[in-house]
Amino acid sequence: VYPSTAFGIRIDYPQDWSIEEKESLTEITGPEEGALDPYREHVSLYIAFPTDDFGLAPYQYVDALEREYPGVFVSGPLLGTTDGGFPYFVVALPITDGEVLVRAFIQGNGRIYTLVGVFARGARLKEYLSLMDAMIASIK
């Protein structure tokens, strides 16, 4: 469990992942998987902007992504609530031939928190997407 006094929340993450606090964000990085897979999956947590309401933001964000990446399938917005009762929405899209971007916006404490995961496509992608889901759900 990572308790962030700067962000006013806590989030669960895997024991074998590392945490690095930076000035305006926190990096949560997966372990090295060996010489044949040097890519390290990572998730960034930061405060996107102060607000009390999403409004139409989930749909406006998806529209903006679809304009920015024409022809790329944007999955979402998927709407839900964390274990701590914070509403959230998630979008996902391929950003390169080898990577998938997953971005969650979580509303709580009068702020919008953003959790961004960048994951390599491959055999473990489904596992990493499930991990991201669990991290989002754990936010309190």
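Select Phe105 to begin: it sits at 8% relative accessibility, so it counts as buried (under 20% relative accessible area; exposed is over 50%, partly exposed in between, with a 1.4 Å probe and protein chains only). This is a predicted model, where local features need pLDDT of at least 70, side-chain atom pairs count only at pLDDT 80 or more, and totals for chains, interfaces and linings use all residues. Numbering starts from 1 along each chain as its sequence is written, and side-chain values use heavy atoms, with hydrogens and water left out.

A search of the whole structure gives 3 aromatic pairs (ring centres of Phe, Tyr or Trp, the latter by its six-membered ring, within 6.5 Å; planes under 30 degrees apart are stacked, over 60 edge-to-face, the rest tilted). Phe89 and Phe105 are stacked, because their ring centres are 4.8 Å apart and their planes at 20°. Phe89 belongs to strand S7 (residues 87-94) and Phe105 to strand S8 (residues 99-108), 16 residues apart; strands are DSSP runs of E, at least two residues, and helices runs of H or I, at least four, numbered from the N terminus.

Next, select Phe119 and Tyr128: with centres 5.8 Å apart and planes at 5°, this pair is stacked too. Phe119 is buried at 1%, and so is Tyr128 at 6%.

Finally, colour by pLDDT (the predictor's confidence in each residue, from 0 to 100). The protein's mean is 81, with 91% of residues at 70 or more.
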